[in-house]
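Subject: Structure for your review

Dear colleague,

Please find below the structure that I would like to hand over to you.

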Amino acid sequence: MKRYLILEDGTVFPGNAFGARINTTGELALYTGATGYQETITNDNYTGQIVAFTYPQQGATGINRDDYEAIQPTIKGMVIGENYQLPSHWQAQMTLDLFLQAQRIPGLMNVDTRRLARHIAKYGNMKASFMDTHDAHAHDQIKALVIANNQVNQVSTKQPFPSPNIGKNVVVIDLGLKNTVLRELSKRQCNVTVLPFDTDSGMINTIAPDGILVSNGPGKPEALTKTIATLKTVQERYPIFGIGLGFAVMALVNDVPVLPRKVSQHRINLAVREKITQNTNFAAQNSSFYLPELPANSDLFVTHVAVNHQEVLGYRHRYLPNFAINFDPEAAAGPRDTLHFFDDFIDLMDANISRKQRLE
Amino acid sequence: MAKVILDKTAMQRALTRITYEIIEQNRGLNDLVIVGIKTRGAILAQRIGERIAQLEGTKVPIVTLDITDYRDDRPQADKQPVNLGLSITGKNVVLVDDVLYTGRTIRAGLDALMAAGRPQKIALAVLVDRGHRELPIRPDFVGKNIPTARSEKVQVQVEEIDHQEQVLLA
């Protein structure tokens, strides 16, 4: 069945339907990794977005039970080139097509996604829709679409929940948490409590954690006024690790503004330089905002920079045990060069515990 | 058989974290002097100094301290005044050594420093704390706490001397 991807500037990309046969609208996101479609379409970073894959073929490994990043996928659509319909992988349980049908997510295949990527790179982020026709009405509809500003509200847990273990007591502020973040904390035996994004400081102080992780997530950091206010009141009391959206939120907590990107970055090949050792690692990144530099009088200092362009990828607080990074250390999908940030978080909590013991 | 308890990467990460903690606890780099105890402590002090330079673009004074004369198993009469090449009076000194064990080396280091001036503060950074203190000394910055038996040996190896980087327990 012929269908169309319609961009808000009127550009039309023809393709064929797969997955759920429903119309959809949302902001278009471009994923440039060659692998990792299952992790990507179940990543809450893409809530409300139509995700286009620039790598020409998707579906070759089907869908398995181990690579979900959320229980319920929240993307609005998937745009691909070739849909490989006979997956060959020992873990595969079903095809990509069947998964999208079951999850009520529409797909569009046989699209020239590389032309689409060049178009977005030139003109910036855009709203988009999947429609059966591309008449004037369809164009007007996508132009009139208003993108909601409450994505975190949609994906953050409604109730606190525990992920029990025998190690460090960690609070995770859920802004759109990926499962793998919890997996990495579990591997390090962290006794985790996941809290909703609008948690107040009283709740955190009752738990009295060894440290707080502010998670990745979708949408705009400025919208998270409650989260920012809560973290402002607790940041002097607990070690904090911010990832992705958590990086932007912790910057705002310290009165450092972040800027929206012209083109959101969703990739698994970000070159990150650690300033202190000049070592370079590769990381996955899902980011729609960036920090060009830190103001001179800031309490934060730069720890990680992008190798290929001017951008702060990691900072640390000058006086408090807080650090944050604007990429995904948990990978899933992506290279695992940067998993050690979870060890760094554990070490940070350890050092803070022994410092407190010495002072007592 | 010697067992590797910190490999090269883990050693680097530990030194990186200690550097961040020094900046955090010192509230900046003002009046900071890093003193490394000869031989491997001095090399680790250099590494911390290089890290601060990469991070902040500032060169912090790095000094090597030979504590031989101040050891408590040497005749006290042999003590020579220590020449650090700079005044540490009023400074925030971070004393760096590779392994903290009985605390006797650090005591000698403290005496040597006090003989050389009157620092505002002395903090202690060690790559490994292996326990078994015989003096009331504790570190401010620790790379790794490693519970050991007295009969065991902890050896920190560095590129410059040992041609490899690792910490061994034997």
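The notes below concern the backbone of this model.

This is a predicted model, in which local features need pLDDT of at least 70 and side-chain atom pairs count only at pLDDT 80 or more, while totals for chains, interfaces and linings use all residues. Residues are numbered from 1 along each chain as its sequence is written, chains are lettered from A and ligands numbered from 1 in the order in which they are written, and side-chain values use heavy atoms, with hydrogens and water left out.

Cis peptide bonds

In chain A, Ala332(A) and Ala333(A) are joined by a cis peptide bond with an omega of about -5°. Ala333(A) sits in the loop between strand 19 (322-325) and helix 10 (340-359) of chain A. Helices (H or I, at least four residues) and strands (E, at least two) are DSSP runs, numbered from the N terminus.

In chain B, the bond from Lys38(B) to Thr39(B) is cis, and its omega is near 10°. Thr39(B) belongs to the loop between strand 2 (32-37) and helix 2 (40-56) of chain B.

Positive phi angles

Asn110(A) is not a glycine, yet its phi is positive, at about 60°. The loop between strand 8 (106-109) and helix 3 (113-123) of chain A holds Asn110(A). With 44% relative accessibility, Asn110(A) is partly exposed (buried means under 20% relative accessible area, exposed over 50%, partly exposed in between, with a 1.4 Å probe and protein chains only).

Gln278(A), also not a glycine, has a positive phi of about 65°. Gln278(A) lies in the loop between strand 15 (259-274) and strand 16 (279-290) of chain A, and its relative accessible area of 37% makes it partly exposed.

Yours sincerely
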